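Please open the model in your viewer and keep the sequence panel beside it, so that each selection can be followed in both.

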Amino acid sequence: QLAAEYASLIKFRLSNDAIKRGGIESFGDDEDVLMFKRNYEDQEVLVIVNTRNEQKEVSVPAELINSEWQNAMENAPYQVGQTIELPAYGYLILTN
């Protein structure tokens, strides 16, 4: 299962110019969470990572609340709320 997840992440990275070449904008001041957005031409990627071994409720910056995205790993629509729950060491990769 871990190998399949890595394969999905590698496939995503190879197919998305924003994640490879885009400018980067960091969000938040929570040392337990890595949150950044990358933009390149017409592609946009939002990455949120919980770096701790416990579930984390992540506060979302005001400019991202109620924005519409696509969950890149599940290929499903995703609307950003005021907070995002991430499991221990969990991540969310959204495209727009």
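The tour goes from the sheet to the helix and then to the pocket.

This is a predicted model, in which local features need pLDDT of at least 70 and side-chain atom pairs count only at pLDDT 80 or more, while totals for chains, interfaces and linings use all residues. Residues are numbered from 1 along each chain as its sequence is written, and side-chain values use heavy atoms, with hydrogens and water left out.

Select the strands (DSSP runs of E, at least two residues, numbered from the N terminus, as are helices, which are H or I runs of at least four). Six of them form an open sheet in the order 1-2-3-8-5-6 with antiparallel pairing, where a pair needs at least two DSSP bridges. Strand 1 (23-27) and strand 6 (76-79) stand at the edges with a single partner each, so one side of each has no neighbour in the sheet.

Next, colour strand 5 (residues 68-71), which is joined to the antiparallel strand 8 by two bridges, and find Q70 opposite T95 of strand 8.

Now show helix 1, which lies across strand 3 and strand 8 and runs at about 30° to strand 8; contact here means heavy atoms within 4.5 Å, and angles, from 0 to 180 degrees, are taken between N-to-C directions of axes fitted to C-alpha atoms, for helices over the stretch in contact.

Finally, select L9, F12, R13, I19, F36, V47, V49, Y91 and I93, which line the largest pocket. A pocket is an open set of points on a 1 Å grid over the protein atoms alone, where a 1.4 Å probe fits, with protein on both sides within 12 Å along at least five of seven lines, and lining residues have an atom within 4 Å of a point. Helix 1 gives the largest share of this lining, three residues.
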